[in-house]
Amino acid sequence: MSRPQAYSDPYVAGTGLGLVLLASYVLAGRGLGASGAFTTVAAKVINAPSLHQSQWLLLEIGGVIIGGFLSALLAGRVQWKVERGSRMSLAFAGGAVMGLGAVLARGCTSGLALTGGALLSVGGWIFMIAAFAGAYALAPLVRRSWL
Amino acid sequence: MRRTLATIAATAGVLALFARDPGTASLDRLGKSIANEEDHVTQDELNQWIKQKKSLRLVDVRSKDEFAKSHAANAESIPMDQIASAAFKSDDTIVLLSEGGAHAAQAWVILQMRGFRSVYFLRNGIAGRRYEPGRDGC
Amino acid sequence: MTAMLIGIAFGFALERAGLGDSRKLAGQFYFTDLTVFKVMFTAIVTAMLGVFWLARLGVIDLASISVPETYLVPQLLGGLIFGAGFVAAGLCPGTSCVSAATGRADGLAVVFGLFTGVLLCGAAGLGDGHFYNLTPRGTETLPQLLHVPYGVVVFAVVAMALTMFKLAERFKAAS
């Protein structure tokens with residue numbers, strides 16, 4: 001297996017991401033998303049019509065998985081990696097908490113912060129600032145698991 | 001690379017400060033379309049399209065009651081209050097119908113603002129068709 | 001479908017930036033790695049400028065782009081909660097998929113956690129609740145809220161972003 005490449009410059013990668021977002025606006029008349037794909041599957045699994053559903057997001061997330069894999073493959077970064085116990089449980093718990101936050105806010109960093117942010121949506125900016133605030137606030141408490 | 005990106009962003013940002021509001025660009029385009037009579041079709045043109053079996057969506061924007069009383073063959077009913085959220089494909093060719101053509105013309109503006117380009121309304125509406133000179137002996 | 005192609009490009013860009021690595025993402029909140037901030041805001045500025053100028057030049061219609069709806073209180077609270085979960089998991093819904101796709105087990109854990117959280121919300125009927133539907137504002141944008149021209153807000157966001165990037169680089173050089 002080839003040596004893993006270094007990650008791209010964040011500003012360059014960010015510009016690339018911004019162009020993908022722009023392409024989405026122009027070609028699909030809408031921005032990106034992620035949590036919506038999760039709610040779509042969940043709504044079908046337990047029959048909860050109150051959860052937001054979107055066929056488009058389901059297909060998009062499928063693409064995200066493929067794209068992420070492709071990029072890692074090309075850069076030699078595909079590798080099965082399991083973290084220690086506390087990391088894994090916090091990952092699961094964090095995911096569940098994010099699930100609640102995303103349902104309440106009707107979006108996540110992809111759908112609200114990125115998509116809404118670029119369109120100057122009030123909700124998008126409020127969510128983004130609140131999310132950063134919430135993360136910084138809890139950071140000291142979970143510091144140990146990251147060291 | 002970073003410097004280039006930053007310069008481009010800064011320039012675009014400063015220029016945005018002095019630019020005319022983007023909302024007006026689409027209004028300009030609409031005004032020109034209307035002036036160039038690209039927004040509507042006559043009954044004859046519509047008949048031609050139907051004869052050519054052109055793939056069309058005939059949309060009747062009158063109320064459900066009016067539609068129920070009588071409507072053109074192959075027309076679908078999407079009342080005015082649902083036009084803003086009705087589902088269309090971006091490559092559909094849509095022809096809007098209303099009684100006198102006014103509502104259809106208004107629906108045309110709404111659909112154009114929603115981003116649909118291949119939209120037309122029937123000039124003089126359905127009524128114009130009904131009372132065409134020579135046809136009904138008037 | 002376009003959705004999948006856009007998704008592929010999205011996932012690709014995220015992984016390129018290293019956002020499939022939870023440790024890297026978490027670094028944002030301990031000031032050891034500001035990648036999250038840099039990538040997010042560069043993307044926002046790029047897309048924002050793109051939309052503004054394409055609309056201004058008549059290439060696209062602003063009305064043809066769906067703007068997310070604003071619900072002040074739920075999004076504020078939802079954001080805080082989301083942020084807390086984010087720093088614990090080190091990944092967000094989008095990046096968790098990228099992480100899992102590259103073989104990281106903790107990414108997979110986040111994906112399962114997300115599903116669980118969302119399922120519970122659905123089961124609890126959260127979407128039908130009173131709180132959920134508080135303070136709706138429709139597709140309100142900052143220019144509308146602040147009664148300031150669109151271009152002025154664009155300028156302000158660009159200025160703020162570039163300033164913060166400059167600070168971020170200074171910060172990195174110093175530490």
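How many bridges join strand 2 of chain B to strand 3 of chain B? I started my notes there.

I'm working from a predicted model, where local features need pLDDT of at least 70, side-chain atom pairs count only at pLDDT 80 or more, and totals for chains, interfaces and linings use all residues. Residues are numbered from 1 along each chain as its sequence is written, and chains are lettered from A and ligands numbered from 1 in the order in which they are written.

**Sheet in chain B.** I found three bridges between strand 2 (residues 57-60) and strand 3 of chain B, which run parallel. Strands (E, at least two residues) and helices (H or I, at least four) are DSSP runs numbered from the N terminus. I looked up B:V59 and got B:E76 of strand 3 as its bridge partner. The whole sheet is open, with five strands in the order 1-5-4-2-3 and parallel pairing; strands pair if DSSP finds at least two bridges between them. Strand 1 (40-41) and strand 3 (75-77) of chain B are at the edges with a single partner strand each, so one side of each lacks a neighbour in the sheet.

**Chain B against chain C.** This contact takes 18 residues from chain B and 21 residues from chain C; contact means C-beta atoms, placed from the backbone, within 7 Å. On the chain B side, helix 1 (2-18) and helix 2 (23-35) each supply at least two residues. Helix 1 of chain B gives the most, eight residues.

**Chain C against chain A.** Here I noted 102 residues from chain C and 109 residues from chain A. Helix 4 of chain C provides the largest share of the chain C side, 17 residues.

Notes
Contact = placed C-beta atoms within 7 Å.
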